[in-house]
Amino acid sequence: MEAATQMLKRAVELDTSKKYSESKICYEEGIEMLLKTLTKMTDENAKKVIRQKIDGYMKRAEELKKFVKKLKKDGKFHEKIEIENNQRGCSYGSLFSKFIDDNLTVVEIKDAYIRSHHQILNLLRFCELLLRKAKNLNAINITTGSDENQPEEQAQKLKNLTTSLDSYRVTLSIKYEDTLHDREILFDNGWIIKIGRGLDYFKRPNGPFSIGFCDMDLRQCHKTTIDIYDAR
C-alpha cells in the first residue's frame, strides 16, 4: 500500500506541474499497485474506499490520456524534464523508454561531445536501450566533434561499437563536425529530444565498486533540462 501511495502522490505532483505524460504513467502504475493490494484485503469497508480511490485515479488517467493525445494531434505536445544537481533516477531507460517503440527504425544523434571514454560509454548505454526497446531499429546516425587530444582512440572505440551493432543488423554511421553546437536526438517515429548537456549528464562515480557505477538510476546527475517534442 505504501508503494502505491507514493506512486500516486508522485502522479498528482506531476499532474499539478503539468507534466501530463509522466503523470499518466504514474497514475497507471499506482492504480495497478492498488488493484494488487485490493486482492489481499478482507475488510469490505476498506475495500470499498480503495475502489472509490481507484475509480477517481482511473478517471483522471483517462482524461490525461485523451488530453495528451489531442496535444499530439494538434502538434503542441511538449514535455519538459528538469534534472536537479545530484538527482538520481534519471537513467536513459527511465526517461526515454516511453518514446521508443517498434515504429522506430532510424535514430539521429547530434551531440558535440561523444569524444572521451565515458562519453562513448554513455552512447553505448543509449544504444543498448534502443536495441532492447525498438525491435525494428536499423540505423543510428551520429554527428559529433572529434577529440583533439586522442582522435585515433575515439575513432577506434566508435569503430568497435559499429562492429558490435552490425551483429544486431543495425548500421552505425559517424560524422565529425567540429562546429556542431546543437544537442538533440531525432527519432523517426516522430519524437525530438533536446538535452541541455547531451547524453553526458551523469556525474563521475566514486569508483568502480561504488553504488551507481553500473546502475545509472543510482548515479547522481548534473543539473540539466530536457525538452521533448512530438514532431508528427
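What is the accessible surface of the protein chain, and what percentage of it belongs to carbon and sulfur atoms? In this predicted model, the accessible surface comes to about 13,600 Å², of which 50% belongs to carbon and sulfur atoms; areas were computed by the Shrake-Rupley method with a 1.4 Å probe, and for residues only the protein chains shown count as cover. Because the model is predicted, local features require pLDDT of at least 70 and side-chain atom pairs count only at pLDDT 80 or more, whereas totals for chains, interfaces and linings use all residues. Residues are numbered from 1 along each chain as its sequence is written, and side-chain values use heavy atoms, with hydrogens and water left out.

The secondary structure of the protein chain consists of six helices and seven strands. Read from the N terminus, the order of elements is α-α-α-β-α-β-α-β-α-β-β-β-β. The C-alpha atoms fill a box of roughly 70 × 45 × 35 Å along the principal axes. Of the 232 residues, 41% are buried, where buried denotes under 20% relative accessible area, exposed over 50%, and partly exposed the range in between (1.4 Å probe, protein chains only). Among contacts with a separation of 6 or more, 75% are accounted for by residues 24 or more positions apart, a contact being defined by heavy atoms within 4.5 Å. The mean positions of the 41 positive and 36 negative charges are 4 Å apart. In this count Lys and Arg are positive and Asp and Glu negative, while His and the chain ends are not counted; each charge is placed at NZ of Lys, CZ of Arg, CG of Asp or CD of Glu.

The chain is divided into domain 1 (1-76) and domain 2 (80-230), with bounds that come from an automatic or database domain assignment. The centres of the two domains, taken over C-alpha atoms, are separated by 31 Å. Five residues of domain 1 are in contact with six residues of domain 2. The largest nonpolar core comprises 58 residues, and those with the most contacts inside it are Ile 140, Phe 187 and Tyr 201. This core lies between domain 1 (1-76) and domain 2 (80-230), because both give residues to it. A nonpolar core is here a set of buried Ala, Val, Leu, Ile, Met, Phe, Trp, Tyr and Cys residues joined through side-chain atoms within 4.5 Å. In soluble globular proteins, nonpolar side chains tend to be buried together. Not counting residues up to four places away in sequence, Ile 140 touches Val 107, Ile 109, Cys 127, Leu 130, Leu 165, Val 170, Thr 171, Leu 172 and Ser 173.

Tyr 92 is located in helix 4 (residues 92-96) and is buried, with a relative accessible area of 4%. Beyond the residues up to four places away in sequence, its contacts are Ser 97, Asn 122, Arg 125, Phe 126, Leu 129, Leu 199, Tyr 201 and Phe 202. The C-alpha atoms of Tyr 92 and Val 12, which are 80 residues apart along the chain, are separated by 23 Å.

In helix 3 (residues 44-73), Lys 69 is exposed at 64% relative accessibility. Its C-alpha atom is separated by 9.7 Å from that of Ser 21, 48 residues apart along the chain. Arg 60 also belongs to helix 3 but is partly exposed, with a relative accessible area of 27%. When neighbours within four places in sequence are left aside, Arg 60 is in contact with Asp 15, Tyr 20 and Tyr 27.

Two loop residues have a positive phi. Asn 86, in the loop between strand 1 (78-83) and helix 4, has a phi near 70° and is partly exposed at 33% relative accessibility. Arg 169, in the loop between helix 6 (151-166) and strand 4 (171-176), has a phi near 60° and is exposed, with a relative accessible area of 76%. Most residues other than glycine have a negative phi.

Key
Helices (H or I, at least four residues) and strands (E, at least two) are DSSP runs, numbered from the N terminus.
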